[in-house]
Amino acid sequence: MKHLSIFAVILCCLVIVFACNKSSENPSSSSSSNVQIRMTDAPFDAEEVNIDLRQVRIKYKGDNSWDTLQTNAGVYNLLQFQNGLDTLIASGNIPTTSTIKEVRFVLGPDNTIKIDNVVYPLTIPNGSEDGLKIRVNKKTSRSIEDILIDFDANLSIHRTGSGQYILKPVLKLK
């Protein structure tokens, strides 16, 4: 009988320990959010506007460093993401209740524009070195945060007097 009482006490202690551990693993009390950066574009009169996306980085309020998100690197034709269409370009876990101050797109050299079946290089002043930045100032509060950025090709692309095309990006938060 004494052994049965000791066994019952041990069993109760184990149940309490496992119940406490299980409640501390509750996903709703998670300390990180999954941020998803998406890209869209406004209509533009060209056949293609291609950007060579290499990395997406975020900067938090009060911090001077940049965190690199898991980026779906590649050449994106912005004109495929018009009229309500968008694409996921990066994601990653970030601290919940942090404030995302800026998002930076780091571009590679394969940026082009296609007009009348002719492909022209698309020059981006300082774009591949510094990246294209947009101020966000979004406080995270949910388990998944979506940030939709409109890469407005219509306002961003300029033709020079010598016939070259330059991308001076106009990025908008949607």
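Strands here are DSSP runs of E, at least two residues long, numbered from the N terminus. This is a predicted model, where local features need pLDDT of at least 70, side-chain atom pairs count only at pLDDT 80 or more, and totals for chains, interfaces and linings use all residues. Residues are numbered from 1 along each chain as its sequence is written, and side-chain values use heavy atoms, with hydrogens and water left out.

Start with Ser-91, which sits in strand β6. Ser-91 counts as buried because its relative accessibility is 18%, and the cut-off for buried is under 20% relative accessible area with a 1.4 Å probe, protein chains only. Skipping residues up to four places away in sequence, Ser-91 touches Asn-34, Val-35, Gln-36, Leu-69 and Gln-70; contact means heavy atoms within 4.5 Å.

Next, select the open five-strand sheet, ordered β4-β6-β1-β11-β14 with mixed pairing. Strands pair if DSSP finds at least two bridges between them. β4 (70–71) and β14 (171–173) are at the edges with a single partner strand each, so one side of each has no neighbour in the sheet. Now zoom in on β1 and β11: they run parallel, joined by seven bridges. Thr-40 is opposite Asp-150 in β11.

Finally, show the largest nonpolar core, 38 residues in total, with Ile-37, Val-49, Val-103 and Phe-105 having the most contacts inside it. Such a core is a set of buried Ala, Val, Leu, Ile, Met, Phe, Trp, Tyr and Cys residues joined through side-chain atoms within 4.5 Å. β2 gives the largest share of this core, six residues.

Note on methods. Buried means under 20% relative accessible area, exposed over 50%, partly exposed in between (1.4 Å probe, protein chains only). Helices (H or I, at least four residues) and strands (E, at least two) are DSSP runs, numbered from the N terminus.
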